[in-house]
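Work through the exercises below with the sequence and the 3D structure at hand. Try each task before reading its solution.

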Amino acid sequence: MNAPRLSKQVISLALVAPLLLFLIVFFALPLVTMMKSAVSDPVAARTLPATARSVSSWNRTSPPTVEMQAAFVADLRQISDDQLFGDLVRRLNSAKSGFRTLMPKTRKAALDTAGSIDLVALDKRWGDISYWQAVSVAASSKITDRNLLAAVDLQRDASGAIASVPADASANKAIMLRTFVMALTVTGACVLIGFPFAMIAASVDGWKRQLLLGAVLLPLWTSLLVRTAAWFILLQDRGLINSVLMQSGVTSSPIPLIFNRAGVIIAMTHVLLPFMVLPIFSVLIGIPKNLMPAAASLGAHPVRAFLNVLLPLGLRGVVSGSLLVFMSALGYYITPALIGGAKDQMISSVIAYYATGAANWGMAGALGLVLLAATMILYAIYLRLSSERETSP
Amino acid sequence: MNNPFIRLEEVSKSFGLLTVVEGLNLEIGKGEFISLLGPSGSGKTTILMMLAGFENPTSGAIWAGGKRIDSLPPHRRNMGVVFQNYALFPHMTVSQNVAFPLKMRSLPRAEVKERVGKALDMVQLGSLAERRPSQLSGGQQQRVALARALIFEPEVVLMDEPLGALDKQLREQMQLDIRDLHRRLKLTIVFVTHDQSEALTMSDRIAIFNRGKIEQIGKPSDIYDHPSTQFVAEFIGETNLVWGTVKSMEGGTARVQLPAGQQVLVETATDLGPNSKVCLSIRPERIKVGRREAAGNNITAAVSDIVYHGDHLRLIARSDGQSLIIKTDRSQPTLSIGDEVQLSFLSSDCWVVRP
Ligand SMILES: Nc1ncnc2c1ncn2[C@@H]1O[C@H](COP(=O)(O)OP(=O)(O)OP(=O)(O)O)[C@@H](O)[C@H]1O
Ligand SMILES: [Mg+2]
């Protein structure tokens, strides 16, 4: 490689470095941390520190040493939090069933008697090496699938097999489904409003086009709170829409438009509309102007010309717009929080609850991971479809 | 014309304050190939768009096949249109493009298939039926557009500079192809172009447009040999325009005095009063060099430039302040700049044009 080329590469590297650094520090690292917290499982390692230390020198095939047993008993005496102990039992039991009865018995003995205890005499299961293997693995490993399973309403039962959680405790799947349904509804609404709008905007020019595009971009330029205040004014029971409807006699009592699903959908559609209109618009203005006249001259009624020519050609814009809108809608948090009721919260608010309310970073991370995975799968499908369209003859 | 197929009657079209077509009267016969020729902006496309139904006349009436059509929407006019840049549907294959008009007419599938096959064979594109327009050359796209405009057997085919984007060789080939189709299918074709040689070689009649009005309309030979105005004479082919004063008029022949004093004889159908100023058009290829014509006009001139053109020579000669262009074959004895030459032309090759 010669010198000028090298220096050129150095310069281009220097130019992208700030962005790269920014992305790594503020995007990639938090993401990795989040994902790690979703699968990290420190409970056994945290509750059994002395055991973890002493099993590190054990070869896992010879009978348990006396130090290991002593360390284990000492660790058990240290656990004062019943909740934490329960976690530990569940964790161990998920690896080998039998711990559920063995552990409380052992803990009771450890707390009742001071000094060393002969564990095998207490319960002959401690003579079984496989129990010690389970303890050793749990104490020295820090990874679990518990959070990920819980994120999709699954858990490991006593035998360690995957099972669904009882119906009254399961909520995540329902909220996830609700999130997808709402995002899909918003996307559909954006297509229905956005496509005709983009068509009009592409067919006029000059100040009219600027005005139309400005109108659709407006939500991006106004502050969220101003926008929300505007929605309150519009959508509340004595708001603009309801008073017009009531005065014109369409309804006798106000239609609830805010703090419910309808309000959230309206507000989200409003905010996300630009992401639908702009891709469709840019595709439509790229379509040669004389195709529609050509279709008409060949005998196509305007409706058929639209269905056969403009729609298929504009579909690329619809697909990329839909993808943008759908993916943004999946992660919406503030709008449902402000405009929606308790039953309209999307998965983001559950994540926020775990992250800031319950300080359960593991669950927050796991839910985030599931959302990310779902989004990536959709994106992969989109890429697959769009590349197929381009390569097909 | 006693039974015109298309008739435009006092058709005008304005865009805001700009009047693009003004009081146009035009009759087109069935099976006729008529070219609309004129400089850029003279309103040719606008007329075509009004025929096709994409623009509405501001005033006037358009008739086709005995019916008034100017309020009929484009998809019900049954006119094939070939657009300047073809306007093929990029998301359809060649055969889907060609099948489009038949699909819109809800023809049975088997018939569509058969007719598409025939149409593609007619334009020699049978082997490319499954390609997309983007995978075709300009000439091939052109032929697809042609097949698509002809497949539904329209009564009229409108073409807006269909060959404008092709190179010279391909353009000449396509000119012959279109002329051949016109004859075989007995089509009525309205052909817009601003290429005068294209109009001369292809048309039954040519309408020369200038600023939204017909300047002259007639057979190619009429237009070329007997241009009625200075604009037409200059627009079609190349010509020498010479101003003079009428001295006398006997029968169909006028004696015109040029500014430098020479007198020439001019055949004309119009009666020219003595001392009226006239503009004469003399085609460069009608002027003979180095020969005296007893029955014609003879002028001596000095060669001021010689330009070699392969198949012919172009001389620029000056005679008493008047510059003349002469096209001559290469059998001429070698001339050089500054030589004195004898120029002659017949009185019938000298044509009076209106300014
Ligand atoms: N939709 C329109 N709005 C305003 N002016 C127009 C419109 N269409 C055409 N014009 C004007 O009408 C005049 C004639 O246009 P037209 O396209 O008919 O010319 P043309 O003879 O086809 O020229 P060319 O040879 O360049 O294609 C031009 O001055 C053009 O600017
Ligand atoms: Mg034009």
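## Exercise 1: An aromatic pair

A:Phe99 and A:Trp126 are both buried. The model is a predicted one.

**Task.** Classify the ring pair of A:Phe99 and A:Trp126 by the angle between the planes.

**Solution.** 
- Step 1. A search over all chains of the structure gives 15 aromatic pairs.
- Step 2. In the pair of A:Phe99 and A:Trp126, the distance is 6.2 Å centre to centre, and the angle between the planes is 65 degrees.
- Step 3. Planes over 60 degrees apart count as edge-to-face. The pair of A:Phe99 and A:Trp126 is therefore edge-to-face.
- Step 4. A:Phe99 belongs to helix H6 (residues 99-112) of chain A, while A:Trp126 sits in the loop between helix H7 (119-122) and helix H8 (129-140) of chain A, so the pair ties together parts 27 residues apart in sequence.
- Step 5. A cluster linked by ring pairs contains A:Phe72, A:Phe99, A:Trp126, A:Tyr131 and A:Trp132.

## Exercise 2: A second pair

**Task.** Find the class of the ring pair of A:Phe180 and A:Phe326, then decide for A:Phe180 and for A:Phe326 how each counts by relative accessible area.

**Solution.** 
- Step 1. The ring centres of A:Phe180 and A:Phe326 are 5.9 Å apart and the planes stand at 55 degrees, so this pair is tilted.
- Step 2. The pair links distant parts of the chain, 146 residues apart: A:Phe180 is in helix H10 (residues 172-203) of chain A, and A:Phe326 is in helix H16 (residues 302-330) of chain A.
- Step 3. Buried means under 20% relative accessible area, and exposed means over 50%.
- Step 4. A:Phe180 has a relative accessibility of 23%, so A:Phe180 counts as partly exposed.
- Step 5. A:Phe326 has a relative accessible area of 9%, so A:Phe326 is buried.

## Exercise 3: One serine

**Task.** Is A:Ser348 buried or exposed, and which residues does A:Ser348 touch?

**Solution.** 
- Step 1. A:Ser348 is placed in helix H18 (residues 347-357) of chain A.
- Step 2. The relative accessible area of A:Ser348 is 11%, so A:Ser348 is buried.
- Step 3. Leaving out residues up to four places away in sequence, A:Ser348 touches A:Leu330, A:Gly331, A:Tyr332 and A:Tyr333.

## Exercise 4: Chain B as a whole

**Task.** How many helices and strands are there in chain B, and what share of its residues is buried?

**Solution.** 
- Step 1. Chain B has eight helices and 20 strands.
- Step 2. Of the 355 residues in chain B, 49% are buried.

Methods:
Residues numbered from 1 in each chain as written. Chains lettered and ligands numbered in written order. Predicted model: local features only at pLDDT ≥ 70, side-chain atom pairs only at ≥ 80, totals over all residues. Heavy atoms only, no water. Helix = DSSP H or I, 4+ residues; strand = E, 2+ residues; numbered from the N terminus. Buried < 20%, exposed > 50% of the residue type's maximum accessible area, 1.4 Å probe, protein only. Contact = heavy atoms within 4.5 Å. Phe/Tyr/Trp six-rings, centres within 6.5 Å; stacked < 30°, edge-to-face > 60°.
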